[in-house]
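Colleague: I would like to learn how to read a protein model. Could you walk me through one, step by step?

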Amino acid sequence: GFIFVFIALAMKNIDSSLSSILVCLDAPITILMASIIFKEKKNWNLIVGLIICFSAIYIISGGIQEKSNIIYVFCLVISATLSATSNIVSKSIKNTNPTSITCYSSFFISATMLIFSLLFKENVLTTIVDIDLKAIILLLYLAVGPSMVAYQCLHFLLNRNMTTKIMPMNFFKPTVGVTSAYFVLGEPLNKEKIIGLIMIIIGVYLSECDFGKKKNKENRE
């Protein structure tokens, strides 16, 4: 739950482009943890691919526009670290249905966020009563789609694959965000965004390819 608490704190007080970069830190941190705990191997193309993806996010977001308070930068780094830790914990849980993990996680996330909102005197309960039908539908989508379904898929994949194969896919989030904004909201798709999207595709492709394995196969042949 504190993953979202720290994100909520930072998003209001930090440059949006910097926050979009820091939020994606959970991918390399997860990979680093997995290499230490699960002895997963890293290769050059994975590192290059991640660097390309981070560069793409910087380009898409238009670069860092203003200085940000170091405290809120630290909040996002903590959030990314907590997210990475939760990925490692999820991968470590054996003989447990991913649905059960998702259900328990969702329950405690909701409880933590409710306590957080009350501590900061945000009238969540009043807001819920006052919202209209459209807002209710959107809230249901946020609860089921990006939260429960997304984490269900993540837990399922982490339990069956190496983190080095799963986490680079995390960079497709800004890709989906930019393309959705173009088709749904009619936001302009400028050359910087197009270049960034292409770079993300290239970066993820490099991260996923095992050139060493292909080379060994060619040598055997």
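Modeller: Happy to! Let's begin with contacts, meaning heavy atoms within 4.5 Å. Among contacts in the protein between residues at least 6 apart in sequence, 87% join residues at least 24 apart. Please keep in mind that this is a predicted model, where local features need pLDDT of at least 70, side-chain atom pairs count only at pLDDT 80 or more, and totals for chains, interfaces and linings use all residues. Residues are numbered from 1 along each chain as its sequence is written, and side-chain values use heavy atoms, with hydrogens and water left out.

Colleague: How many helices and strands are there in the protein?

Modeller: Helices (H or I, at least four residues) and strands (E, at least two) are DSSP runs, numbered from the N terminus. Here you will find twelve helices and zero strands.

Colleague: What percentage of the residues count as buried?

Modeller: Buried means under 20% relative accessible area, exposed over 50%, and partly exposed in between, with a 1.4 Å probe and protein chains only. Of the 221 residues in this protein, 31% are buried.

Colleague: Which residues are buried in helix α1?

Modeller: An α-helix has 3.6 residues a turn, so residues three or four places apart point the same way. In α1 (residues 2-11), the buried ones are Ile3, Val5, Phe6 and Ala10. They lie on the same side of α1, because they cover an arc of only 165 degrees around the axis; that arc is taken from the directions from the helix axis to the C-beta atoms.

Colleague: What do the buried residues of α1 pack against?

Modeller: They pack against α5 (70-92) and α6 (98-119). Buried residues in α5 include Val73, Leu76, Ala80 and Ile88.

Colleague: How far does α5 reach from its first C-alpha to its last?

Modeller: The expected span of a helix is 1.5 Å times one less than its number of residues. With 23 residues, α5 reaches 33 Å, close to the 33 Å expected.

Colleague: Which residues form a nonpolar patch on the surface?

Modeller: Like charges are joined within 9 Å, and nonpolar side chains (Val, Leu, Ile, Met, Phe, Trp, Tyr) within 5 Å. Accessible areas come from the Shrake-Rupley method with a 1.4 Å probe; for residues, only the protein chains shown count as cover. Here Leu133, Ile136, Ile137 and Leu140 form the patch, with about 400 Å² of accessible area together. Leu133 is in helix α8 (residues 133-158) and is exposed, with a relative accessible area of 61%.

Notes. Patches are made of residues with over 30% relative accessible area and no salt bridge: like charges are joined within 9 Å, nonpolar side chains (Val, Leu, Ile, Met, Phe, Trp, Tyr) within 5 Å. A salt bridge is a side-chain nitrogen of Lys or Arg within 4 Å of a carboxyl oxygen of Asp or Glu.
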